[in-house]
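Have the structure open as you read.

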Amino acid sequence: MKIFTTAQIHELDTYTMEHEPIESIDLMERAATALTNAIEEEWHQGTPIVVFAGPGNNGGDALAVARMLAERGYQVSAFLFNIYDNLSKQCAINKLRLIENKIIEKFVEIRSNFDPPQLDAKTLVIDGLFGSGLDKPLNGGFASLVKYINQSPCQVVSIDIPSGLFSEDNAFNIRANIIKANVTLTLQQKKLVMMMPDMQSYLGKIKVLDINLSAEYIAKTDTVYSIIEENDVKSRLLHRSDFVHKGDMGHALIIAGSYGMAGAAILSAKACLRSGVGKLTIHTPKRNNDILQISVPEAILDHDNEEKYFAEALDSDRFDALEIGPGLGQHENTAIAMISQIRRAQCPIVIDADALNMLGSHRAWLQQLPKNIIMTPHPKEFDRLVGNTSSDCYERLLKAQELTDRLQGYILLKGHYTALCCPNGKVYFNQTGNSGMATAGSGDVLSGILTGLLARGYNQADACIIGLYLHGLAGDLAAESLSKESLLAGDIIKYLPQAFKQLYD
């Protein structure tokens, strides 16, 4: 699913009207019908509804929804804010339609002072004040109304986007002046802000409503941001020949595990093996021998000269993919061995965990990283790589894109919607996965999956897209069976076969 900019959303509407063709007011009626149907699915006719409509097209949508809900037997009160006597054409038409309808219980057009209605826990508020075109913070009376709604115990449904929220960058927004919706009914496609973790408290549950905007425009229009869908993954899958042997399926090398952290190596190794690789070698300190030999008997073990930590880079010419980092520790000798290992490697590389932290402590080494390298930082690991950032997720995403461009590699900025930043400028958000995966070792599993796919023969872009989706899908299957609360990183590995099966079926 593509994510369009605000300008592209406007172009999509215009293209649809010109090429379907359809009048603007009829397109609004189509959108309002989809919105009304979605509301009717969730709230019964006994629910008292208060509609707040702004002077623009978002307000026009809201007034049309108010009329349709009233026609379906709902008790509706509508308030249209026309402070400057300047309604959009479509909003003005829907105002007249609502008045002429005469079914609505109450309609008030606000031109100056406003006495807000009581909003109790039984009330459903439909927020149609401002849409995705808003580009400056709300202030004055609108800000006061937003605060009043947010402080009330009512349920709130926002049309397309919560009023006061910008579609993309909210770094300089006034967050107290943004509607906190329980449900956001967004039209046709998600907006970029809906991928930002720090904006979720304003969005609530997001439901995308298909209003049949031009499929031709959507298909031919290029975008920076998109959401990974199952078909995107299925189209990239390689199929295993009946006549292959293990040598054809690739040989992966994982450098992981300091003394006391062998578990990270085990999780990553098992995930790698479950991702289709033919052979796996684990390079680890001598002290980890027994636990790894017992836990991962399918892997070949290669011992470092040190007893407790990684300190010796090895020849990696015979390997098809290299992973370095999980549980590695941050001994200075380990850091030197790590950058030496990365410099000499000729195969695709995945950097995770402590390897990222050591790069964060030696930022000058970033310029020595080879092109097409894959890095999988969580937000704190990423901040160590680039220096201090604000808590704003959009700013962090932009910095990830900048670093990706500078390194010409791949950065998987991990989170609920992990963002895959690619060297061609594209960003893919993964939508599989759940909060149960916020558990120690989950990242080790992801890096193992990526390494297995690379060794198996996938290029970096496909390995990242497939690996992200698989990791989240296996987590979803595990949570469905075991619950989010009880999910462990090892459970993700156990459900990888089922995730693969679902994609190949």
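Start with Arg396 and Asp383, which form a salt bridge with their closest N and O atoms 3.0 Å apart; a salt bridge here is a side-chain nitrogen of Lys or Arg within 4 Å of a carboxyl oxygen of Asp or Glu. Arg396 sits in helix H14 and Asp383 in helix H13, so the pair ties together parts 13 residues apart in sequence. Both partners are buried, where buried means under 20% relative accessible area, exposed over 50% and partly exposed in between (1.4 Å probe, protein chains only).

A word on ground rules: this is a predicted model, with local features needing pLDDT of at least 70 and side-chain atom pairs counting only at pLDDT 80 or more, while totals for chains, interfaces and linings use all residues. Residues are numbered from 1 along each chain as its sequence is written, and side-chain values use heavy atoms, leaving out hydrogens and water.

Now look at Asp392 and Arg175, whose side chains meet in a salt bridge at 3.3 Å, N to O. Asp392 is in the loop between H13 and H14 and Arg175 in the loop between strands E6 and E7, so this pair joins parts 217 residues apart in sequence. Asp392 is buried at 8% relative accessible area, while Arg175 is partly exposed at 30%.

Asp462 pairs up with Arg236 in another salt bridge, at 2.9 Å between the closest N and O atoms. Here Asp462 belongs to helix H16 and Arg236 to the loop between helix H8 and strand E10, 226 residues apart.

Conventions
Helix = DSSP H or I, 4+ residues; strand = E, 2+ residues; numbered from the N terminus.
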